[in-house]
Amino acid sequence: MPFLEDKFGEWKPVSRTAGIAWLCSYALFLLYALTNRSGFLFLDFVNLIIHEGGHFIFSWFGNTIMILGGTLANCSCPSCAPSISSGNAKPPASLFAASGSSKIFPYIGTYMADARTAALPLVGSGDSDWEILFTQWGLLAQDQKIGGIVRTLAGSACSPLPPGSPTVSATTLP
């Protein structure tokens, strides 16, 4: 792909050892995820920290953006990582970062769909971000439809999780 080489320079080759290590690590993580019955993976703590930090970072732009800030941070933080690591022309780091950004949509969709039912345990005030936002925008009655669309369309296009698989919000604790 010459257009990528023009922008980022020539990509460094991946050694056989590094490729095998990445595949083994990914296989072990998939095994962990498939056998985990709690519905909460250790990587969800990273999403939680990013989400809660997003509220603080975006709080300077007004109340609505502050509430939306957790979700904005969950979407933007992993999405920025591929471009940062791509500048260094390191394919494994870019792939790892890009895969992280694709996995957030099923979580966001689940969190959106929970706005009325409030079944997910939350951190902080106990008020769901999406309950507040959907109420403010007059969309609370459509929370499950909107959450389902985000979860199935964006999630199915970007994530190996099949639609309907159990997930939890990025703002929940076990």
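**Questions and answers on the model**

Modeller: Gly54 is found in helix H3, residues 44–58. This is a predicted model, in which local features need pLDDT of at least 70, side-chain atom pairs count only at pLDDT 80 or more, and totals for chains, interfaces and linings use all residues. Residues are numbered from 1 along each chain as its sequence is written, and side-chain values use heavy atoms, with hydrogens and water left out.

Colleague: What makes a stretch of residues a helix or a strand?

Modeller: Both are DSSP runs, numbered from the N terminus: a helix (H or I) has at least four residues and a strand (E) at least two. By that definition the protein chain has 8 helices and 0 strands. From the N terminus on, its elements therefore run α-α-α-α-α-α-α-α.

Colleague: Is Gly54 counted as buried or exposed, and on what value?

Modeller: Buried means under 20% relative accessible area, exposed means over 50%, and partly exposed lies in between (1.4 Å probe, protein chains only). Gly54 has 0% relative accessibility, so it counts as buried. Buried residues make up 30% of the 174 residues in the protein chain.

Colleague: Which residues does Gly54 touch?

Modeller: Contact means heavy atoms within 4.5 Å. Leaving out residues up to four places away in sequence, Gly54 touches Gly69, Gly70 and Ala73. Gly54 and Gly70 are 16 residues apart in sequence, yet their C-alpha atoms are 4.4 Å apart in space. Over the protein chain, 64% of the contacts with a separation of 6 or more join residues 24 or more positions apart.

Colleague: Which residues of helix H7 are buried?

Modeller: Asp129, Trp130, Leu133 and Phe134 are buried in H7, residues 129–137. They cover an arc of only 110° around the axis, taken from the directions from the helix axis to the C-beta atoms, so they lie on the same side of H7. Gly138 follows H7 and has a positive phi, near 70°.

Colleague: Why is a set of residues called a nonpolar core?

Modeller: The term requires buried Ala, Val, Leu, Ile, Met, Phe, Trp, Tyr and Cys residues, joined through side-chain atoms within 4.5 Å. The largest such core has 14 residues, and Ile108, Met112, Trp130, Leu133 and Phe134 have the most contacts inside it. Helix H4 (63–86), helix H6 (104–113) and H7 each supply at least two of its residues. The largest share, 5 residues, comes from H6. In soluble globular proteins, nonpolar side chains tend to be buried together.

Colleague: With which residues is Trp130 in contact?

Modeller: Setting aside neighbours within four places in sequence, Trp130 is in contact with Leu68, Thr71, Tyr111, Met112, Ala115, Thr135 and Trp137.

Colleague: How many aromatic pairs are counted?

Modeller: Rings of Phe, Tyr and Trp (its six-membered ring) pair if their centres lie within 6.5 Å; planes under 30 degrees apart count as stacked, over 60 as edge-to-face and the rest as tilted. The count by this rule is 7 aromatic pairs. For Phe29 and Phe42, the ring centres are 6.0 Å apart and the planes stand at 90°, so this pair is edge-to-face. Phe29 lies in helix H2 (residues 16–35) and Phe42 in the loop between H2 and H3, so the pair ties together parts 13 residues apart in sequence.

Colleague: What makes the pair of Tyr32 and Phe42 a pair, and of which kind?

Modeller: Their ring centres are 5.1 Å apart and their planes at 40°, so the pair is tilted. It links Tyr32 in helix H2 with Phe42 in the loop between H2 and H3, 10 residues apart. Ring pairs link Phe29, Tyr32 and Phe42 into a cluster. At 22%, 27% and 47% relative accessibility respectively, Phe29, Tyr32 and Phe42 count as partly exposed.

Colleague: How many disulfides are counted?

Modeller: A disulfide is a pair of cysteine sulfur atoms within 2.5 Å, and the count by this rule is 0. Cys24, at 44% relative accessibility, counts as partly exposed, and Cys75, at 24%, counts as partly exposed too.

Colleague: What is the phi of Ala118?

Modeller: Phi of Ala118 is near 50°, a positive value in a residue other than glycine. Most residues other than glycine have a negative phi. Ala118 is found in the loop between H6 and H7, and its 46% relative accessibility makes it partly exposed.
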